[in-house]
Amino acid sequence: MEIRFEKREQLKEKPDQKHLGFGKFMTDYMFLMDWDAGQGWHDARIVPYGPIQMDPACVTLHYAQETFEGMKAYRRADGKIQLFRPEMNAKRMINSNKRLCMPEIPVEMFVEAVKAIVKTEQDWVPSEPETSLYIRPFMFATESALGVHMATSYKFMIICTPVGAYYEEGINPVRILVEDELVRAVQGGTGFTKCGGNYAASILGQVRAEEKGFTQVLWLDGVERKYVEEVGTMNIMFKIDGEIYTAPIEGTVLPGVTRDSILHILRDWGYQVHETKLAIEDLMQAAHEGRLEEAFGTGTAAVISPVGELAFKDDAATINQFKIGEVSQKLYNYLTGIQWGKEEDKYGWTVEI
Ligand SMILES: *Cc1c(COP(=O)(O)O)cnc(C)c1O
């Protein structure tokens, strides 16, 4: 792929690596590429970061034909930069795009584009412990027309933002509210895709949970509101009687790269892993009987997010005395160790840039 480069007059000042937060600072450049029916992908370019023009009738603004990805570039102690399983993000975007009738980007092209923008922005990859460069590839329809149909033109873009250590004051368990009215996904819907629409529909649940003092929502299945599925932006796992339980990937749950990696590691460590439907009543009962030993979310941003409390209707249970569990901590240390190049990557998951 040929990538045109347009230089900025002046580079931005880099933010303080100790106070990066999440998604507050955008880097100097962005990647863009266009797709038109008949022509396919064309005009790949890296240009100064800035606003893009959009026609008010752009179909994305009305019908949300939009998908995205989330991944990171990590700086190792030797100064080199690496990605973590980027081809999984590429494949997931293909699956998202198929569902939303959007053009596919071949895996190699996706990874090449990610590598190119990260290489351009290498000085933006921070080096403070547990900081990284968050990478946001996304695609949307650009055609202007108000009829509902598959659009005939699209844009693929990648923007980057340096992000701080997720746990600045150590890993704090979160309080989670089980949503018993609103639903996130049903079989046949878009639950397995990373599309903007899924998030738009989830904000009400998130707002209500925050009003009640919770950090996140745990979604149940959309039909019976009975089986545990996932948290807002994370998959979720439970350790019950020494064994691991998580929802299966069957169309409603987002197939997380972190989820897949954690399950690999747990199986290697000899844990019995069940990708199975788990009823919320059984989970709450296990919690009250002290058999729910650990609960944690998994996702690119936090890697592991321990759950300290689960609330369902008028029932609530504290998990592991509101402390991070032993396995959760071990998983966090090991997987972040691989990502930042401190642990040997025996799975071949990292890709050097
Ligand atoms: C992105 C996302 C996840 C986590 O996926 P990772 O690839 O591990 O970052 C989980 N659930 C939802 C709904 C997501 O959007």
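Reader: What should I know about the model before I start?

Author: The model is predicted, so local features need pLDDT of at least 70 and side-chain atom pairs count only at pLDDT 80 or more, while totals for chains, interfaces and linings use all residues. Residues are numbered from 1 along each chain as its sequence is written, and side-chain values use heavy atoms, with hydrogens and water left out.

Reader: How many salt bridges are there?

Author: Side chains of opposite charge can pair when their charged atoms come close. The rule for a salt bridge is a side-chain nitrogen of Lys or Arg within 4 Å of a carboxyl oxygen of Asp or Glu. The count by this rule is 21 salt bridges.

Reader: Which residue pairs with Glu293 in a salt bridge, and where do the two residues lie?

Author: Glu293 pairs with Lys239, and their closest N and O atoms are 3.0 Å apart. This pair links distant parts of the chain: Glu293 is in strand E15 (residues 292–299) and Lys239 is in strand E12 (residues 234–240), 54 residues apart. Strands (E, at least two residues) and helices (H or I, at least four) are DSSP runs, numbered from the N terminus.

Reader: Which residue forms a salt bridge with Lys346?

Author: Asp268 does, with the closest N and O atoms 3.8 Å apart. Lys346 sits in the loop between helix H7 (326–339) and strand E18 (350–352), and Asp268 in helix H5 (residues 257–268); the two are 78 residues apart. Lys346 is exposed, at a relative accessible area of 51%, whereas Asp268 is partly exposed at 47% relative accessibility. Salt bridges can also form a network, as they do among Asp34, Asp43, Arg45 and Lys155.

Reader: How many aromatic pairs are there?

Author: Rings of Phe, Tyr and Trp (its six-membered ring) pair if their centres lie within 6.5 Å; planes under 30 degrees apart count as stacked, over 60 as edge-to-face and the rest as tilted. That rule gives 12 aromatic pairs. Take Trp35 and Tyr154: the ring centres are 5.6 Å apart and the planes are at 65°, so this pair is edge-to-face. Trp35 is in strand E2 (residues 29–36) and Tyr154 in strand E8, 119 residues apart, so the pair links distant parts of the chain. Trp35 is buried at 16% relative accessibility, and Tyr154 is buried at 0%.

Reader: Which residues do ring pairs link into a cluster?

Author: Phe31, Trp41, Phe110 and Phe156 are linked in this way.

Reader: Which lysine lies over the face of Trp269?

Author: A charge sits over a ring if NZ of Lys or CZ of Arg is within 6 Å of the ring centre and within 35 degrees of the ring normal. Lys330 lies over the face of Trp269, at 4.4 Å from the ring centre. Lys277 lies over the face of Tyr227, at 5.3 Å from the ring centre.

Reader: Why is H7 largely enclosed by the rest of the structure?

Author: H7 is largely enclosed because 10 of its 14 residues are buried. Among the buried residues are Val327, Leu331, Tyr332 and Leu335. For length, the expected span of a helix is 1.5 Å times one less than its number of residues. The 14 residues of H7 should span 20 Å, and the end C-alpha atoms are 20 Å apart, which agrees. Just after H7, Gly341 has a positive phi of about 75°.

Reader: What is the phi of Arg85, and where is Arg85 found?

Author: Phi of Arg85 is near 45°, a positive value in a residue other than glycine. Arg85 is in the loop between strand E6 (81–84) and helix H2 (86–99), and Arg85 is buried, with a relative accessible area of 8%. Phe322 is not a glycine either, yet has a positive phi of about 60°. Phe322 lies in the loop between strand E17 (315–318) and H7, and is partly exposed at 34% relative accessibility.

Terms used. Buried means under 20% relative accessible area, exposed over 50%, partly exposed in between (1.4 Å probe, protein chains only).
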